[in-house]
Amino acid sequence: MEIKIGSSAIGDGHPCFIVAEAGINHNGEFEKAKMLVDAAAEGGADAIKFQTHLTEKEMLPDAPTAGYVGESLFTLLKRLELSREEHVELKKYAEKKGLIFLSTPFSKEAADLLEELEVEAYKTGSGELTNLPLLEHIARKRKPMLVSTGMSTLEEIGESVDLLKKLKTRFVLMHCTSSYPTKYEDLNLRVINKLREKFGVPIGISDHSVGIYTVLAAVVLGACVIEKHFTIDRNWPGPDQKASINPQELGELVRGTRAIEKALGDVKRVTSEEAEIQRMA
């Protein structure tokens, strides 16, 4: 199965779809969000992705938080919310720069806001994998979906896959480990192959490890979508900055991915460039 996001076909035999994950690294500052769009375009990404938080619609004020966040999650996300108008302007700005604009909704209302913006696809976060009512609400919008699978078992993934297939949704499962940054030994990259074999859908990776090494390995293993957190400066405040790559690394990720794609042939033969050296040797 393959899906299409904008003009990009995604699946076996097609170039990797590279998503520069800006997330909340803009710290609620619109000009920083535009800077991230500029950097994603210059780096050669196919899409830039933000997060759409309507905080009161997705959590209670006393919701649990994680140590790496460093403060109340509700307080953090409320401070970093982008307005509807900023979403509209960011989408226009990204498209002007040649990027597909994506954002992750964390509530039905956020998904409805993105539908008003006529986004090309939806990305759901790992925390929503078992939120079947939200997945169904998004799936019924009849747009392609990128579905992250961090913090979940194969059985839980299977329940979500069954729902999306029942609704005839076109989707990519995104292998993910939800720790920031992720230790290399916790990545389990060969799960990419297990997910493909078990569920029969395109598989991507949402990677939170340091650097770009593991993403390039995922390309070799057949990942058809790459999502990687990125930022302008890892010293900016915010919980995701330390697990993000910088613009130079984003450019290297894109160039490395395209080089690997060219190199993944499976024919053993004497190339035309080898022929002269063959005669000499």
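Predicted model: local features only at pLDDT ≥ 70, side-chain atom pairs only at ≥ 80, totals over all residues.
Let's start with a cut-off: a residue is buried when its relative accessible area is under 20%, exposed when over 50%, and partly exposed in between, using a 1.4 Å probe and protein chains only. Residues are numbered from 1 along each chain as its sequence is written, and side-chain values use heavy atoms, with hydrogens and water left out.

Now for the overall picture. The protein chain contains eleven helices and ten strands, which are DSSP runs numbered from the N terminus (helices are H or I with at least four residues, strands are E with at least two). Its C-alpha trace spans about 75 × 40 × 35 Å along the principal axes. The radius of gyration is 19 Å, which agrees with the value near 19 Å that a compact globule of 281 residues would have. That radius is taken over C-alpha atoms, and the globule rule is 2.2 Å times the number of residues to the power 0.38. Of the 281 residues, 50% count as buried. The chain exposes about 13600 Å², with carbon and sulfur atoms supplying 51% of that area; accessible areas come from the Shrake-Rupley method with a 1.4 Å probe, and for residues only the protein chains shown count as cover. As for contacts (heavy atoms within 4.5 Å), take those with a separation of 6 or more: residues 24 or more positions apart account for 68% of them.

On to the inside. In soluble globular proteins, nonpolar side chains tend to be buried together. A nonpolar core here is a set of buried Ala, Val, Leu, Ile, Met, Phe, Trp, Tyr and Cys residues joined through side-chain atoms within 4.5 Å. The largest one has 59 residues, and Ile 48, Met 145, Leu 173 and Phe 230 are those with the most contacts inside it. Helix H1 (residues 30–43) gives the most to this core, with five residues. Apart from it lies another core, of 14 residues, including Val 19, Leu 102, Met 174 and Cys 224.

Charged pairs come next. The structure holds 18 salt bridges, each one a side-chain nitrogen of Lys or Arg within 4 Å of a carboxyl oxygen of Asp or Glu. Arg 140 pairs with Glu 136 at 2.8 Å, N to O; Arg 140 is partly exposed at 48% relative accessibility. Salt bridges that share partners also join Glu 21, Lys 49, Lys 123 and Glu 227 into one network. Glu 71 and Arg 79 likewise meet at 2.8 Å, N to O, with Glu 71 partly exposed at 28% and Arg 79 partly exposed at 48%. Lys 78 and Glu 81 form another bridge, at 3.7 Å, N to O. Lys 78 is partly exposed at 36%, and Glu 81 is partly exposed at 22%.

The backbone has a few spots worth a click. Most residues other than glycine have a negative phi, and most peptide bonds are trans. Glu 118, although not a glycine, has a positive phi of about 60°. Glu 118 sits in the loop between helix H5 (108–116) and strand E6 (122–124), and counts as exposed at 61% relative accessibility. Lys 168 also has a positive phi of about 60° without being a glycine; its loop runs between helix H7 (154–166) and E8, and Lys 168 is exposed at 73%. The peptide bond from Tyr 180 to Pro 181 is cis, with omega near -10°. Pro 181 belongs to the loop between strand E8 (171–176) and helix H8 (191–199).

Tyr 184 is also found in the loop between E8 and H8, where it is partly exposed with a relative accessible area of 42%. Together with Val 210 and Tyr 213, Tyr 184 makes a nonpolar surface patch of about 360 Å². Patches are made of residues with over 30% relative accessible area and no salt bridge, where like charges are joined within 9 Å and nonpolar side chains (Val, Leu, Ile, Met, Phe, Trp, Tyr) within 5 Å.
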